[in-house]
Amino acid sequence: MRLPLLVSLMGWIVISNSPVFAAPPVPETVIWEEGIEYTNPDDQHLQLNLARPKTGDGPFPAVICIHGGGFRAGKRDGYDGLCIRLAERGFVAATISYRLAPKFQFPAAVHDTKTAVRWMRANAKTYKVDPTRIGVTGGSAGGHLAQFLGVTANVPQFEGTGGNPDQSSSVTCVVNVYGPSDFTKSYGKSVDAHEVLPLWFGSNLETKRTLHIQGSPLYWVTPNAAPTLCIHGTEDKYVAHEQAVWLVDKLKAAAVEADLLTLEGAGHGFKGADAEKADKALFEYFEKKLK
């Protein structure tokens, strides 16, 4: 049974339901590995699950998937099904865990995602990955972290010390699914930003404005940003649709290729026809940009 691309992402907090988080069926054409430790900051033993084609010498393009959950919840398992479907299409795909708030605040999660990209490059031969073709995707908080990778390549303050410092954390392209771009404009436009963001930044906008700006992908856009596809619904109550519009407009102003797929009437967490459209757009984008 096909798993909807983003059915597990309902709001900033991921809601687990057994069909999504149960172990996915693995086709004969795919090699599936779970629980690979990629870094160990603060004794957290962060792991990833990885799917890759069983046949072929590669090197294959890769996609890293980052779960949502308001930076304080969620599990990598929510993207197991997507990783397997990507592997069926000739990609190496990994879904990663990262440190969560409130115990681990910004930029811990950013450090972890960059470490994951460096790990992928450092282990490219083992998993038959082409290190020059690594894309990234995520939904909600995961969309933000994916986008942050796309706009902060070679920014030393966000690299962290998670390992493989000789490798680049840059990505080839981004599929950002309803991820926020400007946290300074989230309050009052999101049903739970006032609860979520102070946990990640250590306080609210009034007292931690600088961190809210530093953590917003919109303010890091340069002509060197990665090509991006944003997918966002017009009725999103958790991350306003305008967040995607601002980001795409700024990327285009910097001469970066950027596209926005707007799903009319869709909320936060796609279902049915909206999930199918998002699914199709994601696969087509990675096929175009990474193959």
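Biologist: How are H2 and H9 oriented to each other: parallel, perpendicular or oblique?

Modeller: H2 and H9 are oblique to each other, because angles under 35 degrees count as roughly parallel, over 145 as roughly antiparallel, 65 to 115 as roughly perpendicular and the rest as oblique. The axes of H2 (residues 80-88) and H9 (residues 272-290) cross at roughly 45° and come within 12 Å. Axes here are lines fitted to C-alpha atoms, for helices over the stretch in contact, with angles running from 0 to 180 degrees between N-to-C directions. Helices (H or I, at least four residues) and strands (E, at least two) are DSSP runs, numbered from the N terminus.

Biologist: Before we go on, what kind of model is this?

Modeller: This is a predicted model, in which local features need pLDDT of at least 70 and side-chain atom pairs count only at pLDDT 80 or more, while totals for chains, interfaces and linings use all residues. Residues are numbered from 1 along each chain as its sequence is written, and side-chain values use heavy atoms, with hydrogens and water left out.

Biologist: Which residues meet between H2 and H9?

Modeller: From H2, Leu82, Arg85 and Leu86 meet Asp279, Leu282, Phe283 and Phe286 of H9, where contact means heavy atoms within 4.5 Å. The residues of this contact of H2 with H9 comprise five nonpolar, no polar and two charged. In that count, Ala, Val, Leu, Ile, Met, Phe, Trp, Tyr, Cys and Pro are nonpolar, Asp, Glu, Lys and Arg are charged, and the others, Gly among them, are polar.

Biologist: And what about H3 and H5: at what angle do their axes cross?

Modeller: The axes of H3 and H5 (residues 141-151) cross at roughly 65° and come within 10 Å. Ala109, Val110, Thr113, Lys114 and Val117 in H3 meet Leu145, Phe148 and Leu149 in H5. The residues of that contact of H3 with H5 divide into six nonpolar, one polar and one charged.

Biologist: Turning to the core, how many residues does the largest one have?

Modeller: The largest nonpolar core has 43 residues, and Leu50, Ile66, Met120 and Trp200 have the most contacts inside it. Such a core is a set of buried Ala, Val, Leu, Ile, Met, Phe, Trp, Tyr and Cys residues joined through side-chain atoms within 4.5 Å. Buried means under 20% relative accessible area, exposed over 50%, and partly exposed in between (1.4 Å probe, protein chains only). Helix H3 (residues 108-122) gives this core its largest share, six residues.

Biologist: What does Leu50 touch?

Modeller: Leaving aside neighbours within four places in sequence, the contacts of Leu50 include Ile31, Trp32, Val92, Trp119, Met120 and Tyr127. A second, separate core of 30 residues includes Trp32, Leu82, Cys173 and Tyr178.

Biologist: On the backbone, which bonds are cis?

Modeller: The peptide bond from Gly58 to Pro59 is cis, with omega near 0°, and Pro59 is in the loop between strand S2 (46-53) and strand S3 (60-66). Another cis peptide bond joins Phe106 and Pro107, with omega about 10°. Pro107 is in the loop between strand S4 (92-96) and H3.

Biologist: Ser140 has a positive phi. Is Ser140 buried or exposed?

Modeller: Ser140, with phi near 65°, is buried, at a relative accessible area of 0%. Asn164 also has a positive phi, of about 50°, but counts as partly exposed at 27% relative accessibility. Most residues other than glycine have a negative phi.
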